[in-house]
Amino acid sequence: MSHVTASSVASAPAAAFDSAALDELDDAELCEMLVGLFAGEAAIRIEQIGAAVADGEAATLAHRLEGAAATIGAQRVAQLCAALAASPSPGEVAALHDQLADALDDALRAMDAYLERAHARRPR
Amino acid sequence: MSVLRPRLVIADDEPLVRSMLWAQLERDFQCLAVAVDADQAITIARDLRPDIVLLDVNMPCGGARHATRAIRACSEHTTIVILSGDESDDDVVDLLNAGATSYLRKGLDRATLIAKMRASIDAHRRWQALADSV
């Protein structure tokens, strides 16, 4: 089994957003609802992870966010969550938490652009 | 069992994952209900006897391990599939030994997810038939 570490994440970052899962749904309104759900959940989880860096709960919270991120295609967020869940030291967790916030911003920007394109394609 | 559209229950504590799975699977499965934790998944599985349940590995109230044991005890025909964000989860062997048929990572594309779920149902039915014959 391979474990993702902070260093391996830095050297091989995943894409901010892979739209394949949303493409398959072929429903712009549903996609918009799902992106909204993800944005809300992820923001709360990342805040919780930041508050839990010192008490060991960060790994559990990261594991939960990883599932949601992987499901919607936020690959970089999922990758950082996997690294965070496997990180033993508070210092490493804190560093990854900072990267996670940036990765979420990138993913949400890419999702917004995707939704704009999806709405533009809809017949009027 | 409905051969064409197996009856499905989805259990995950993340609203996004529940909604996404429902949207991905409703054309090929009869989505009966969703559960937000292990206890709810057990109750729903006992009441509805679905053909297949998807269980999040780390959901509250005991996670997939507790739910797998309880569902296997009350509904032998139900195929149990575990979903995890992390392929390297240490619980894989325990969960399979507890009665889960397969262990899948979240984020699979729709076609792959459906194919693996159908293969899991088929494997579970074959295993049950074999167990019944001895």
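Mentor: Two strands are said to pair if DSSP finds at least two bridges between them. Helices (H or I, at least four residues) and strands (E, at least two) are themselves DSSP runs, numbered from the N terminus. In this predicted model, β1(B) and strand β3 (residues 52-56) of chain B pair in the parallel sense over 4 bridges. Within this region, B:Val9 stands opposite B:Val53 in β3(B).

Trainee: Which conventions apply to the numbering and to the model as a whole?

Mentor: Residues are numbered from 1 along each chain as its sequence is written, while chains are lettered from A and ligands numbered from 1 in the order in which they are written. As this is a predicted model, local features need pLDDT of at least 70 and side-chain atom pairs count only at pLDDT 80 or more, whereas totals for chains, interfaces and linings use all residues.

Trainee: In what order do the strands of the sheet in chain B stand?

Mentor: The 5 strands form an open sheet in the order β2-β1-β3-β4-β5 (chain B), with parallel pairing. β2 (30-35) and β5 (102-105) of chain B are at the edges with a single partner strand each, so one side of each has no neighbour in the sheet. On average, and with direction ignored, neighbouring strands of this sheet are turned by 25 degrees against each other.

Trainee: How should I describe a helix that lies across the strands?

Mentor: One compares axes, which are lines fitted to C-alpha atoms, for helices over the stretch in contact; angles run from 0 to 180 degrees between N-to-C directions. Contact between two residues requires their C-beta atoms, placed from the backbone, to lie within 7 Å. Helix α2 (residues 38-48) of chain B lies across β1, β2 and β3 of chain B and runs at about 145 degrees to β2(B). Helix α3 (residues 63-74) of chain B lies across β1, β3 and β4 (79-84) of chain B, at about 160 degrees to β3(B).

Trainee: Which residues of α3(B) are buried?

Mentor: A residue is buried if 20 or more other C-beta atoms lie within 10 Å of its own, exposed if 12 or fewer, and partly exposed in between, with C-beta atoms placed from the backbone. In α3(B), the buried residues are B:Ala64, B:Ala67, B:Thr68, B:Ala70 and B:Ile71. An α-helix has 3.6 residues a turn, so residues three or four places apart point the same way. The buried residues of α3(B) pack against β1, α2, β3, β4 and α4 of chain B.

Trainee: How does burial look in α5(A)?

Mentor: Of the 11 residues of α5(A), 10 are buried, so this helix is largely enclosed by the rest of the structure. Among them are A:Val77, A:Leu80, A:Cys81 and A:Leu84. For chain A, buried residues make up 39% of the 124 residues.

Trainee: What is the arrangement of elements in chain A?

Mentor: Chain A has 6 helices and 0 strands, in the pattern α-α-α-α-α-α along the sequence.

Trainee: How many residues of chain A are in contact with chain B?

Mentor: The contact involves 23 residues of chain A and 17 residues of chain B. On the chain A side, α2 (20-25), α3 (28-51), α4 (58-72) and α5 (75-85) each supply at least two residues, and α4(A) gives the most, with 8 residues. By class, that side has 14 nonpolar, 5 polar and 4 charged residues. Here Ala, Val, Leu, Ile, Met, Phe, Trp, Tyr, Cys and Pro count as nonpolar, Asp, Glu, Lys and Arg as charged, and the others, Gly among them, as polar.

Trainee: What should I look for in the backbone angle phi?

Mentor: Most residues other than glycine have a negative phi, and most peptide bonds are trans. A:Asp26, in the loop between α2 and α3 of chain A, has a positive phi near 55 degrees. A:Asp26 is exposed, with 9 other C-beta atoms within 10 Å. B:Arg49, in the loop between α2 and β3 of chain B, has a positive phi of about 45 degrees. B:Arg49 counts as partly exposed, with 17 C-beta neighbours inside 10 Å.

Trainee: Where in chain B is confidence lowest, and where is it highest?

Mentor: Chain B averages a pLDDT of 92, and 95% of the residues score at least 70. Confidence in chain B is lowest in helix α4 (residues 92-98), at a mean of 90, and highest in strand β1 (residues 7-11), at 98. The model scores ipTM 0.79 and pTM 0.85.

Note on methods
pLDDT is the predictor's confidence in each residue, from 0 to 100.
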